[in-house]
Structures are given as C-alpha cells and as structure tokens.
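This report sets out computed features of a single protein model for a reader who wishes to inspect them alongside the coordinates. Please examine the sequence and structure shown below before reading on.

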Amino acid sequence: QVQLVESGGGLVQAGGSLRLSCTASGRTFSSYDMAWFRQAPEKEREFVASISWSGGTTYYKDSVKGRFTISRDNAKNTVYLQMNSLRPDDTAVYYCAAPERAYGSSYKVALHDYDYWGQGTQVTVST
C-alpha cells in the first residue's frame, strides 16, 4: 500500500522560506512522477509543482515559478518543495501526490493524474 507522509509546514513571515518533505513507502519510489498540490480555505485544490521519476523534468504553477523548487532524492524515497519569498497568498494546506502508474508522460498537472495523497501539511504566511 502506497503511503505518503508530508512534513515541514509551519508559520512564516512574508518573504521567508520553508522546505516541505514528502516520504513515500509501499513501492519503488524512483519509478513514479511526484507532485505537490495545495488547498487554501474555501478554494479548490490546485497544482503547485511536479517532477518526473528521474528528476529531469519539472513543471510549476505560474505564480510560484522562480520562488519554489521541487526536487527529489530517490535514495531516500523523498520529494521536496523548497519555498522561498513566501507570500500570504501561499497560505494553504500542501499535499504530496503520486500517480498509480509508473513512468508515462511527465506532464501531470491535474488532480485526476494522481491517485495517492498525503495527509497534508499546513503552511501559513503572515504579513
């Protein structure tokens, strides 16, 4: 059974940084693309960033480009989201996600592209 466990959220002032981690278990981590989504209060869950199984291809939501970096360490079964220059509108619960199928197209930016989700970690950015 695939399990995803996020950590690293917290409260930070605007302009600050946080690094989120997501550790996966239950299958061969290095064969699967991974992604981060977020959900703010009273809003739909939205794509933030994704990374291919090899780490060679990444995609980002436009509003986080240049501020957030997704990376992975396949030896540690972990995907990261480094968030810099945080803004109050980045406040949300951040979720790690993984697809059912290995490899395939690396362009996976929709909710329906992912089948497994972590429990989420809260990120709050104050003014």
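## Basis of the values

The model is predicted, and local features therefore require pLDDT of at least 70, side-chain atom pairs count only at pLDDT 80 or more, and totals for chains, interfaces and linings use all residues. Residues are numbered from 1 along each chain as its sequence is written, and side-chain values use heavy atoms, with hydrogens and water left out.

## Nonpolar cores

A nonpolar core is here a set of buried Ala, Val, Leu, Ile, Met, Phe, Trp, Tyr and Cys residues joined through side-chain atoms within 4.5 Å. Buried denotes under 20% relative accessible area, exposed over 50%, and partly exposed the range in between, with a 1.4 Å probe and protein chains only. The largest such core holds 26 residues, and the members that touch the most others are Met34, Trp36, Val79, Leu81, Met83 and Tyr94. Two or more residues come from each of strand 3 (18-25), strand 4 (34-39), strand 5 (46-51), strand 7 (68-73), strand 8 (78-83), strand 9 (92-98) and strand 11 (121-126). Strands (E, at least two residues) and helices (H or I, at least four) are DSSP runs numbered from the N terminus.

A second, separate core has 5 residues, among them Ala35, Phe37, Phe47 and Ala97. Methionine 83, a member of the largest core, is in contact (heavy atoms within 4.5 Å) with Gly16, Ser17, Leu18, Leu20, Arg67, Phe68, Tyr94 and Val123, when neighbours within four places in sequence are set aside.

## The disulfide

The whole structure contains 1 disulfide, a term that requires a pair of cysteine sulfur atoms within 2.5 Å. The partners are cysteine 22 and cysteine 96, with sulfur atoms 2.1 Å apart. The bond joins distant parts of the chain, since cysteine 22 is in strand 3 and cysteine 96 is in strand 9, 74 residues apart. Both cysteine 22 and cysteine 96 are buried. The S-S torsion of cysteine 22 and cysteine 96 is about -75°, and the disulfide is therefore left-handed.

## Pocket and cavity

Both kinds of space are found on a 1 Å grid over the protein atoms alone: a cavity is a set of points where a 1.4 Å probe fits but cannot get out, a pocket is an open set with protein on both sides within 12 Å along at least five of seven lines, and lining residues have an atom within 4 Å of a point. Grid points are joined across faces, edges and corners, and a volume is the space filled by probe spheres set on the points. For the lining classes, Ala, Val, Leu, Ile, Met, Phe, Trp, Tyr, Cys and Pro are nonpolar, Asp, Glu, Lys and Arg are charged, and the others, Gly among them, are polar.

The search finds 1 cavity of 30 Å³ or more, and the volume of the largest cavity is about 60 Å³. The residues Val2, Leu4, Ala24, Ser25, Arg27, Phe29, Tyr32, Met34 and Ala98 line this cavity, of which 7 are nonpolar, 1 is polar and 1 is charged.

## Backbone angles and loop residues

Most residues other than glycine have a negative phi. Asparagine 77, in the loop between strand 7 and strand 8, has a positive phi of about 55° and is partly exposed at 26% relative accessibility. Serine 85, in the loop between strand 8 and strand 9, has a positive phi near 50° and is partly exposed, with a relative accessible area of 40%.

Serine 31 lies in the loop between strand 3 and strand 4. With a relative accessible area of 13%, serine 31 is buried, and beyond four places in sequence serine 31 is in contact with Trp53, Ala102 and Tyr103. Glycine 55 belongs to the loop between strand 5 and strand 6 (58-60) and is partly exposed at 30%.

## Aspartate 73

Aspartate 73 is part of strand 7 and is partly exposed, with a relative accessible area of 24%. Residues up to four places away not counted, aspartate 73 touches Phe29, Thr78 and Tyr80.
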